[in-house]
Amino acid sequence: MDPETEYKLHPNDIGRLRMAFETYDTTGQKYLSWEQDFPNLWRAIGCNPTQKDVERLIAENRKEGDQDHFSEDDFLKLGEKVDADNDGLDVIKEETLLEAFRTFDKNGTGTIQIEQLRYILGALGEPLEGELADSFVEFAESKQGKGGPFNYEQLIIHLMERDPGPQYNS
């Protein structure tokens, strides 16, 4: 299915999903692994699933005999289904992130310490561990310098620039 009109998604969403898929398809094989690639790809498009959500989505959408791989078409159909179902996979919004960071900003300064960020990533909600947590902290430090407090509002701006999410021009 190549024409965008065959998918029940906004053209901007189709483009965003295709770009994300192509970014993860580093070998150009036109398919990705359910187990290795799907969870990170799903999060990269702005969805915020729990591990149970990811496992359920894989179980519900894996085709018999697909050898643990899915195509771009499979991915677009999944995006279409989740969009239609509003499947509880929340797109992370700027306001949600601001509210979460403000919870830890006891002095109202607009900043938190890197140690607080590491704690938040590793201990609250569904933990982000190891390399993923390190990668996020490195991203934060790359935008504002190492050590010391960082301005979480600026970090959120950088995160939104990195992955702006759906953009509607209708």
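pLDDT is the predictor's confidence in each residue, on a scale from 0 to 100. Here the mean for the protein is 79, with 84% of its residues at 70 or more. This is a predicted model, so to speak of local features a pLDDT of at least 70 is needed, side-chain atom pairs count only at pLDDT 80 or more, and totals for chains, interfaces and linings use all residues. Numbering runs from 1 along each chain as its sequence is written, and side-chain values use heavy atoms, leaving out hydrogens and water.

**Confidence**

- Helices (H or I, at least four residues) and strands (E, at least two) are DSSP runs, numbered from the N terminus.
- Where pLDDT is low, the predicted coordinates should not be read in detail.

**Aromatic rings**

- The whole structure has 10 aromatic pairs. Rings of Phe, Tyr and Trp (its six-membered ring) pair if their centres lie within 6.5 Å; planes under 30 degrees apart count as stacked, over 60 as edge-to-face and the rest as tilted.
- One of the pairs is Phe38 with Phe70, edge-to-face, at 5.8 Å centre to centre and 90° between the planes.
- That pair links distant parts of the chain, since Phe38 sits in helix α2 (residues 38-44) and Phe70 in strand β2, 32 residues apart.
- Both Phe38 and Phe70 are buried, where buried means under 20% relative accessible area, exposed over 50% and partly exposed in between (1.4 Å probe, protein chains only).
- Phe70 also pairs with Phe75: the ring centres are 6.2 Å apart and the planes at 40°, so this pair is tilted.
- Phe70 has 1% relative accessibility, so it counts as buried, and Phe75 counts as buried at 1% too.
- Zooming out, Phe21, Trp34, Phe38, Trp42, Phe70 and Phe75 make up one aromatic cluster.

**Salt bridges**

- There are 10 salt bridges in the structure, each being a side-chain nitrogen of Lys or Arg within 4 Å of a carboxyl oxygen of Asp or Glu.
- Arg18 and Glu72 meet through their side chains at 3.2 Å, N to O. Arg18 lies in helix α1 (residues 11-24) and Glu72 in helix α4, so the bridge ties together parts 54 residues apart in sequence.
- Arg18 and Glu72 are both buried.
- Arg62 and Glu35 form another bridge, at 2.7 Å, N to O. This one links two loops 27 residues apart: Arg62 is in the loop between α3 (51-61) and β2, and Glu35 in the loop between β1 (31-33) and α2.
- Arg62 counts as partly exposed at 35% relative accessibility, and Glu35 is partly exposed as well, with a relative accessible area of 46%.
- Lys77 and Asp73 pair up at 3.1 Å, N to O. They are 4 residues apart in helix α4, so about one helical turn separates them.
- Lys77 is partly exposed, with a relative accessible area of 35%.
- Salt bridges with shared partners also join Glu35, Arg62 and Asp68 into one network.
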